[in-house]
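Reader: I have a new model open and would like to learn how to read it. Could you walk me through a few of its features?

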Amino acid sequence: MRVDVVSIFPEYLAPLELSLIGRARATGVLDVAVHDLRTWTHDVHRTVDDTPYGGGPGMVMRPEPWGEALDALAPPGAEPPPRLVVPTPVGAPFTQAMAHELAAESRLVFACGRYEGIDQRVLDHAATRMPVTEVSLGDYVLFGGEVAVLVIMEAVTRLLPGVLGNVDSLAEESHAHGLLEAPVYTKPPSWRGHEVPEILRSGDHGRIARWRRDQALLRTAARRPDMLAALAPGELDKKDVAT
Ligand code: ADE
């Protein structure tokens, strides 16, 4: 997968060099380039923003540098066109399902907005030649899209083939089946007066699977009733309902 990130603070994206994302880059699964939006300005002050039409507080990112950046990174006629991802508090909520969708793309371009956002015409024009996804991390406002890109890239990279050593962990983890994962334990069996649940040490894999399923249901009901309500019909079986 090839990923281009455009930002006025390219240093913010330095963590993309680290850890598993860094390893994915080193092994060639992922190719990331970070670009300074000001590369595509032409005035001495390298201006990227201006006051909003219609008045109001703050500044809006001007369309011209963004237009040139997208012409360079997603040239008209590129086949297939990359997907443009714009982190913004007005976007669709970022979910594990969306991480899977993005992981299936061969090319992503991230546009990091700052201030009050990017002039809407940049997104409207881009949408005439590539898919555009506006995405929000949650119902709160960040200074800009950079940290959101780090979060999205971490969620996406771990889904790329060959990145995780044990792909079973993807099938088991929270959000894989619309439920939160059950609690996990390791050695020692007793620690500061707290015991590992006996069932997990029983070796009875049928009972362990049932216990994990029950714990996942109880946790989800307590913490995320919205997820439980959204489960597709048929996701709950008779044994689930009896607990
Ligand atoms: N930029 C500013 N706030 C954001 C949010 N909540 N999610 C994604 N990008 C953002």
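Author: Gladly! Let's start with Gly138, which sits in the loop between β7 (132-136) and α5 (146-157); helices (H or I, at least four residues) and strands (E, at least two) are DSSP runs, numbered from the N terminus. This is a predicted model, where local features need pLDDT of at least 70, side-chain atom pairs count only at pLDDT 80 or more, and totals for chains, interfaces and linings use all residues. Residues are numbered from 1 along each chain as its sequence is written.

Reader: Is Gly138 buried or exposed, and why?

Author: A residue is buried if 20 or more other C-beta atoms lie within 10 Å of its own, exposed if 12 or fewer, and partly exposed in between, with C-beta atoms placed from the backbone. Gly138 counts as exposed because it has 11 C-beta neighbours inside 10 Å. Val141, in the loop between β7 and α5, is exposed too, with 9 other C-beta atoms within 10 Å.

Reader: What does the UniProt annotation "binding site" cover?

Author: UniProt positions are given in the numbering used here, feature names are shortened, and annotations may be inferred rather than shown by experiment. In this unreviewed entry, the annotation covers Gly113, Leu137, Gly138, Asp139, Tyr140, Val141 and Leu142.

Reader: Which residues are around the ligand?

Author: Here a residue is near a molecule if its C-beta atom, placed from the backbone, lies within 6 Å of it. Those around the ligand include Pro87, Thr88, Pro89, Gly138 and Val141. Strand β5 (residues 83-93) gives the most to this shell, with 3 residues.

Reader: How do the strands pair?

Author: Two strands pair if DSSP finds at least two bridges between them. β5 and β7 pair in the parallel sense over 6 bridges, and Pro93 has Ser136 as its bridge partner in β7. β5 also pairs with strand β6 (residues 107-111), in the parallel sense over 3 bridges.

Reader: And how should I read the nonpolar core?

Author: In soluble globular proteins, nonpolar side chains tend to be buried together. A nonpolar core is a set of buried Ala, Val, Leu, Ile, Met, Phe, Trp, Tyr and Cys residues joined through C-beta atoms within 7 Å. The largest one has 40 residues, and those with the most contacts inside it include Val85, Val149 and Ile152. α5 gives the most to this core, with 5 residues.

Reader: What is Ile152 in contact with?

Author: Two residues are in contact if their C-beta atoms, placed from the backbone, lie within 7 Å. Leaving aside neighbours within four places in sequence, Ile152 touches Val85, Pro87, Phe94 and Val135 by that criterion.
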